[in-house]
Amino acid sequence: MASNVTIPVILATAIGASPEDTAFLVQVALLVAGISTLVQTLGIGPVGARLPIVQGTSFGFLVVSIPLAQQYGLAAVFGGALFAGLVQVLFGAVFSRIRRFFPPLVAGIVVLVIGIGLIPTGIQLFAGGAGSEDLGSVRNFGVATFVLVAILVLYRFGRGFVGAAAVLIGIVAGYAVASGLGMVDWGRVGSAAWFSVPQPLQFGLEFPAAALIAMGAMAVATSIETVGDISALTKAGDQRQPTTKEMRGGLMGDGVGTAIAALFSALPNTSFSQNVGLVAFTGVMSRFVVTVGAIFLVLSGFVPKLAMVIAVIPASVIGGAAVVMFGMIISAGISLLTTRPLTQNDLIIIAVSVVVGQGFAWRPEIAANLPENVAALMTSGIVPAAAIAIVLYSMKPAEERLLDVDMPLAGQFAEDQEDDR
């Protein structure tokens, strides 16, 4: 919810949009996130992983959306987003042919880089969030620490529902404490409308070449991130590798969600890594649980007041939970990397991929002289790490790569065997 609200606000602020347009962008972001999540959890034919994947507005696309909107207008952003959706669908459709480039070692590196890349965001939320006037204050640290400790205690000593819902209970408890400390702006909730129906194509569609190139390139980057998310999800929740059908459906679901977003004048959607960490922490692998959450998102898209109740949760409350969830993504990446005993070649691949990928992400100024679209991909961290991992993996001795071939587990990979034939 936080990203779905924050990202359109950042875009609207960057282009000087009116309060009405800003509210509309937030509303459709919530609605489309819910619809896209339903596509992933329930599936439509070959589209959708039918796994507990939560979709939401992508931070990656924001990097290229702001300059496009400033130069060409929002219509170009959404036209490029529609093209990006088609690219994601195509990536998913051909995934069975390129899956050999994403063994557990490569997928684990992608997941690890995703988790490491989220550390600055998590600790910033813990301190009060970007732009906070009291960033790093004792009050923010106190509330975030309260949430973190509550989650850990509930997870350790809670039984049944309490243990599984430790993160949710911790956030609700933190919300109550923050409200008591005067950190919640209830006036925004009071002024929000009760009901509103968003209209499709509010800002139209345009297709300048710059928008197609930038959005298409970012679509590939986020597809690689989704490969990592799905791999981490099945590893953490089911102790297995995803089937080709699940991976293909999940990637195509990304694309369909992004295309729907474009038609509703919302930014592109992608799988949320944060929720992968939540599955790893709780052990709850039910796609129907996430379906309930998706319905809540859809309702929020029609009931702005309900959305605002969530939107005003202080960043430090979310930060207390984010520290746990983001850390669990790193753990899932490590688990993927250790699926097989690591050789010296594997250790070199991990070392070079992670250091170079995160090096560009942490020091984006080093890519300042590169073309804008290339710089955006390099500083994502995920793209350079994945590219290096794939290239170095392909150079491994053949006998080592043969050991990395996924052996079907009982009843899990029958679809893969059929697909590969």
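**Stop 1: Arg50**

Start by selecting Gly45 and Arg50: the backbone oxygen of Gly45 sits 3.1 Å from a polar atom of the Arg50 side chain. Bear in mind throughout that this is a predicted model.

Now widen the view. Arg50 belongs to the loop that runs between α2 (19-42) and β1 (55-57). Show its contacts, leaving out residues up to four places away in sequence. Arg50 then touches Gln40, Thr41, Leu42, Gly43, Ile44, Gly45 and Arg287.

Arg50 and Gly249 are 199 residues apart in sequence, yet their C-alpha atoms are 7.9 Å apart in space.

Is Arg50 buried, partly exposed or exposed? Its relative accessible area is 31%, so it counts as partly exposed.

Check the backbone too. The phi of Arg50 is near 55°, a positive value in a residue other than glycine. For context, most residues other than glycine have a negative phi.

**Stop 2**

Select Ser265. Its phi is positive, about 60°, although Ser265 is not a glycine. Ser265 lies in the loop between α12 (244-263) and β2 (269-271). The relative accessible area of Ser265 is 0%, so this residue is buried.

Gly283 has a positive phi of about 80°.

**Stop 3: helix α13**

Step back to the helix itself. Select residues 273-282, which make up α13. How many of its 10 residues are buried? Seven are, and the helix is mostly covered. Color Ser273, Gln274, Val276, Gly277, Val279, Ala280 and Phe281 to see the buried ones.

**Stop 4: the nonpolar cores**

Next, the interior. In soluble globular proteins, nonpolar side chains tend to be buried together. Here the largest nonpolar core has 63 residues. Which residues have the most contacts inside it? Ile109 and Ile151 do. Helix α6 (residues 104-126) gives the most to this core, with 12 residues.

Center on Ile109. Set aside its neighbours within four places in sequence. Ile109 is then in contact with Leu337, Ile349, Ile350, Ser353, Val354, Ala385 and Ala389.

Another core lies apart from the largest one. This other core has 26 residues, including Leu62, Ala69, Ala219 and Val383.

**Stop 5: Ser231**

Select Ser231, found in helix α11 (residues 209-238). Its relative accessibility is 3%, so Ser231 counts as buried.

An α-helix has 3.6 residues a turn, so residues three or four places apart point the same way.

Beyond residues up to four places away in sequence, Ser231 touches Ala107, Pro242, Met247 and Leu336.

**Stop 6: salt bridges**

How many salt bridges does the structure hold? It holds five.

Select Arg240 and Glu246. This pair forms a salt bridge, with the closest N and O atoms 2.8 Å apart. Both Glu246 and Arg240 are buried. Shared partners join Asp238, Arg240 and Glu246 into one network.

Compare the cover on the Asp238–Arg240 pair. Arg240 has a relative accessible area of 6%, so it is buried. Asp238 has 37%, so it is partly exposed.

Then jump to Arg139 and Asp134. They form a salt bridge, with the closest N and O atoms 3.3 Å apart. Arg139 has a relative accessible area of 37% and is partly exposed. Asp134 has 24% and is partly exposed too.

**Stop 7: a nonpolar surface patch**

Select Phe146, Val177 and Leu181. They make a nonpolar surface patch of about 240 Å².

Zoom in on Val177, in helix α9 (residues 166-180). Why is Val177 classed as partly exposed? Because its relative accessibility is 33%, which falls between the 20% limit for buried and the 50% limit for exposed.

Technical notes
Residues numbered from 1 in each chain as written. Predicted model: local features only at pLDDT ≥ 70, side-chain atom pairs only at ≥ 80, totals over all residues. Heavy atoms only, no water. Helix = DSSP H or I, 4+ residues; strand = E, 2+ residues; numbered from the N terminus. Buried < 20%, exposed > 50% of the residue type's maximum accessible area, 1.4 Å probe, protein only. Contact = heavy atoms within 4.5 Å. Polar contact = N/O pair within 3.5 Å; in protein donor to acceptor, adjacent residues only side chain to side chain. Patch = residues over 30% accessible without salt bridge, like charges linked within 9 Å, V, L, I, M, F, W, Y side chains within 5 Å. Areas by Shrake-Rupley, 256 points an atom, 1.4 Å probe, with all protein chains shown as cover. Salt bridge = Lys/Arg side-chain N within 4 Å of Asp/Glu carboxyl O. Core = buried A, V, L, I, M, F, W, Y, C linked by side-chain atoms within 4.5 Å.
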